[in-house]
Amino acid sequence: MFTLRFALIISTTCALISTSVTAQEMQANEDLLEEILNKDSPYSPYVNRDFPERPFWGDSHLHTSLSMDAGAFGNRLGLDEAYRFARGAQVTASSGQEVRLARALDWLAITDHSDGMGMIDDMISAAPAITQFEQGAKWSKGVRAGGEEAVATALDLIGAFSQGEIEPALLNNYSPGARRYATIWEDVILAAEKHNTPGEFTAFIGFEWTSLAAGNNLHRNVVFRDGADRARQVVPFTTVAPIGSNDPLDLYKYLEVYEAKTNGAAITFAHNGNLSNGVMFPTEEQFTGRKLDQFYVEQRAKWERNYEITQIKGDGETHPFLSPDDEFADYGTWDVGNLDLSAAKTDDMLAGEYAREALKNGMVLEEKFGTNPYKFGIVGATDSHTSLAAIEEDNFFGKHAGYEPSPERLTHPFMENENGKLSSWQQVSSGLTAVWASENTRTSLFDAMDRKEVYATTGPRISVRLFGGYDFTTEDLKTRNIANVGYDKGVPMGGDLNQPQDGQSPTFLVAALRDPIGANLDRAQIIKGWVDADGITHEKVYDVAWGDARQLDASGKLPAVGNTVDPATATWSNSIGSAELVTVWTDPDFDPNERAFYYTRVLEIPTPPWYLFDVLKFGSEIPPEAPLAQQERAYTTPIWFTPKE
């Protein structure tokens, strides 16, 4: 699917500040005719095109049975099954069910937890490296018993790890420096090399660094640009001292050493700030108590080029407490406590947890230190622990093997203790990353991630373009080649606006096309954040394009698109909304003296959530508090504006 030429044959109403323009058929004008009839230019408009032509869809965060928690909770699928499934093959899930994706992915990063990698596989096979230890022999027996005993064993094992109570000699067998650990890492590398087919499918080598601070999530995924020759010169970084560390600064040091040693490249990105209890995006001090300083903000900006904004464990764009004027802020909200629910959440923690607030606070830190540590691209992923990147609503295989489809999965909580409860239905069937790259290779995809020309969706393959500049006009909507105009006149998502001429305000070219097998689009919005002269941050959501013949009311609010979801049949109708939204929007409130960012959020019309398909398949009861419809979405990386010093 090529999304550069957004057809304007769909009747789409586009809001241009306060002026509505209806999309129309292409109409010739003098400039367009001059371009077509120019004898010195090639007849084909695609000759020498040097910009990305399509988004490549993938998952940057997937776990196999090599991850301690995934294997402990019953995942029996390894690296090969994960890759084959992502490439479109039918496989047998750990629960014994056949499963296949509706559409193959273009790329995948398997990011198994570096701590204890491969330990569970050896427990299942009763390997001597496990059974020689009393603790290991007990766990091996419990895991192999299956059923409730296996679940109890998994909880005991994970609790022992989080509390540092695994016998050191046992854990050392699955840590850097051990021969077994080196062979497991070699297996990871070889599997990626086997499935990496440049131009067809990209398999990144990577891992997850699983830092926890008193149960507060500080996890980061690491993805290498390189192949086996460089990746096998290192092993993954872990969190257990003395070899590992749970301090992100030490992870950055590991990445620095990797690049210096191999002449390669690596990138890291955090996820689930919503489970960090306020420590993911610090503004005053790090979780260690050390004050934020120049070194920290520069290191974080250098290595954390992207942030995973949406996945199964909740959506992390914003929160209703932080964005009370955003009617769509409460989506996939997990705000009960930290990662293991060992501490309850309080409102004062939320500002350090969500992406939009971090984007705003990053500009404040930039004014103080000269570097913005939260100037990140936006990506999405599954964080599935089943080896299956299966997050379509009608094909959702859950967070881990215990939550693969069954009549029982809606009947028991996902997590529950004295601090709160997360229900099974609250698992978010999300997400994916779209990468605007020139080709489907490790180098091209990685370089696009590094320059932040990426965006996230909660699962649907919505195509989105965002360009910023000062010269976009409604005439640009008549072209058949939106990207030609976008790259010629402005910068893409992830870029920085130039300084304006006197009196100029930024203009933005936004184009969104629905998933070909998905739902119509409700609206496209631009979210702006800025810092005023007093150092106070602000945000505003602008509806810039929408489907159907709706009009903004006197207060500037756009009426709801409607809802065609039939809960009894888990169906909806594309009789509302639009297939395509294209517009040019000018910031009506621009101040050239204020730092600002702009990103696009595209909303689908309401569709059925995944648990309605469980109700249809198994006759399960709908949890009374569970919504019967949702609006899936896409989030682009921002475009930033920095005033002239």
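Leu341 sits in the loop that runs between β14 and α13, and in this predicted model its backbone has a positive phi of about 55° although the residue is not a glycine. Leu341 is buried, because its relative accessible area is 1% and the cut-off for a buried residue is under 20%.

The loop between β14 (314–315) and α13 (355–369) also holds Asp335. Is Asp335 buried or partly exposed? With a relative accessibility of 33%, Asp335 counts as partly exposed, since that class covers the range between the buried limit of under 20% and the exposed limit of over 50%. Asp335 belongs to a patch of negative charge on the surface, where it gathers with Asp330, Asp347 and Asp348.

A positive phi is found again at Asp383, which is not a glycine either and has a value of about 60°. The place of Asp383 is in the loop that links β15 (377–380) with β16 (415–417), and Asp383 counts as buried because its relative accessibility is 1%.

| Site | Feature | Angle |
|---|---|---|
| Leu341 | positive phi | about 55° |
| Asp383 | positive phi | about 60° |
| Ala241 and Pro242 | cis peptide bond | omega about 5° |
| Ser430 and Gly431 | cis peptide bond | omega about 0° |

Where does Pro242 lie, the residue that a cis peptide bond joins to Ala241? Pro242 is placed in the loop between α10 (228–231) and α11 (248–262). Another cis peptide bond joins Ser430 and Gly431, and Gly431 is found in the loop that leads from β17 (420–422) to β18 (432–437).

These sites can now be placed in the setting of the whole chain. The protein contains 16 helices and 28 strands. Its radius of gyration is 24 Å, close to the 26 Å that the globule rule gives for 645 residues, and the protein is therefore as compact as a globular protein of that length. When taken along the principal axes, the box that the C-alpha atoms fill is roughly 80 × 55 × 50 Å. Of the 645 residues in the protein, 60% are buried; Leu341 is buried, as is Asp383, whereas Asp335 is partly exposed.

Key. Residues are numbered from 1 along each chain as its sequence is written. This is a predicted model: local features need pLDDT of at least 70, side-chain atom pairs count only at pLDDT 80 or more; totals for chains, interfaces and linings use all residues. Side-chain values use heavy atoms; hydrogens and water are left out. Patches are made of residues with over 30% relative accessible area and no salt bridge: like charges are joined within 9 Å, nonpolar side chains (Val, Leu, Ile, Met, Phe, Trp, Tyr) within 5 Å. Accessible areas come from the Shrake-Rupley method with a 1.4 Å probe; for residues, only the protein chains shown count as cover. A salt bridge is a side-chain nitrogen of Lys or Arg within 4 Å of a carboxyl oxygen of Asp or Glu. Lys and Arg count as positive and Asp and Glu as negative; His and the chain ends are not counted. The place of a charge is taken as NZ of Lys, CZ of Arg, CG of Asp or CD of Glu. Helices (H or I, at least four residues) and strands (E, at least two) are DSSP runs, numbered from the N terminus. Buried means under 20% relative accessible area, exposed over 50%, partly exposed in between (1.4 Å probe, protein chains only). The radius of gyration is taken over C-alpha atoms; the globule rule is 2.2 Å times the number of residues to the power 0.38.
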